[in-house]
Amino acid sequence: MKRIYAREEVCMACRLCEVHCAVQHSGSKHLIKAFKREKTRPVPRCSVEVKGALSFSFMCRHCEEPSCVYSCVSGAMHREPDGAIRVDESKCIGCWTCILACQFGAIKRGDNHVALKCDLCPGLEVPACVAACPNDALVLAEDLDADAEILPEVRKAQ
């Protein structure tokens with residue numbers, strides 16, 4: 001299964017991944033409308049972590065052994081046939097056991113008592129955060145090392 005990998009060596013903490021994730025999960029899917037006109041402000045499913053010069057975008061890792069799925073009492077958190085871990089918002093009861101169970105802290109409390117997490121943007125070939133990253137600091141790949149074509153000049157410098 002393809003996952004999103006963060007490459008902190010080229011992340012500049014621009015937060016465009018957060019903006020485009022929020023827009024993709026908004027009602028309008030339009031940048032200005034999502035932030036200025038929608039009643040509920042969209043929430044990104046990823047977040048940029050910054051400590052000194054180090055920064056990277058953080059989101060759900062779609063674990064092989066997903067403790068969030070195992071702990072979900074309503075069955076809202078589930079694995080799709082493509083391998084992605086998703087939340088069925090109609091089943092989520094807001095008990096937050098998934099938040100407690102996730103060892104990475106990748107699940108957020110959303111409005112209307114619904115758990116929010118990265119869903120790999122179903123319907124898009126490339127998730128919005130990956131497509132919007134100006135430095136290719138986010139990579140969609142089976143394995144980060146297998147994707148050697150992305151920014152080969154950075155790989156050579158390592």
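Tutor: A cavity is, on a 1 Å grid over the protein atoms alone, a set of points where a 1.4 Å probe fits but cannot get out, and its lining residues have an atom within 4 Å of a point. Grid points are joined across faces, edges and corners, and a volume is the space filled by probe spheres set on the points. The model is predicted, so local features need pLDDT of at least 70 and side-chain atom pairs count only at pLDDT 80 or more, whereas totals for chains, interfaces and linings use all residues. Residues are numbered from 1 along each chain as its sequence is written, and side-chain values use heavy atoms, with hydrogens and water left out.

Three cavities of 30 Å³ or more are present in the structure. The second largest cavity holds about 80 Å³ of space. Its lining comprises 14 residues, and Cys 72, Ser 74, Cys 92, Cys 95 and Cys 98 are the closest to its centre. By class, that lining has eleven nonpolar, three polar and no charged residues, where Ala, Val, Leu, Ile, Met, Phe, Trp, Tyr, Cys and Pro count as nonpolar, Asp, Glu, Lys and Arg as charged, and the others, Gly among them, as polar.

Cys 92 is buried, at 18% relative accessibility; buried means under 20% relative accessible area, with a 1.4 Å probe and protein chains only. A disulfide is a pair of cysteine sulfur atoms within 2.5 Å, and the count by this rule is zero.

The largest cavity has a volume of about 120 Å³. Among the 19 residues that line it, Cys 11, Cys 14, Cys 17, Cys 133 and Ala 137 lie nearest its centre. This lining has 15 nonpolar, two polar and two charged residues.

Leu 138, Ile 4 and Met 77 have the most contacts inside the largest nonpolar core, a set of 34 residues. Such a core consists of buried Ala, Val, Leu, Ile, Met, Phe, Trp, Tyr and Cys residues joined through side-chain atoms within 4.5 Å.

Key:
Buried < 20%, exposed > 50% of the residue type's maximum accessible area, 1.4 Å probe, protein only. 1 Å grid on protein atoms, 1.4 Å probe; cavity = no way out; pocket = protein on both sides within 12 Å on 5 of 7 lines; lining within 4 Å.
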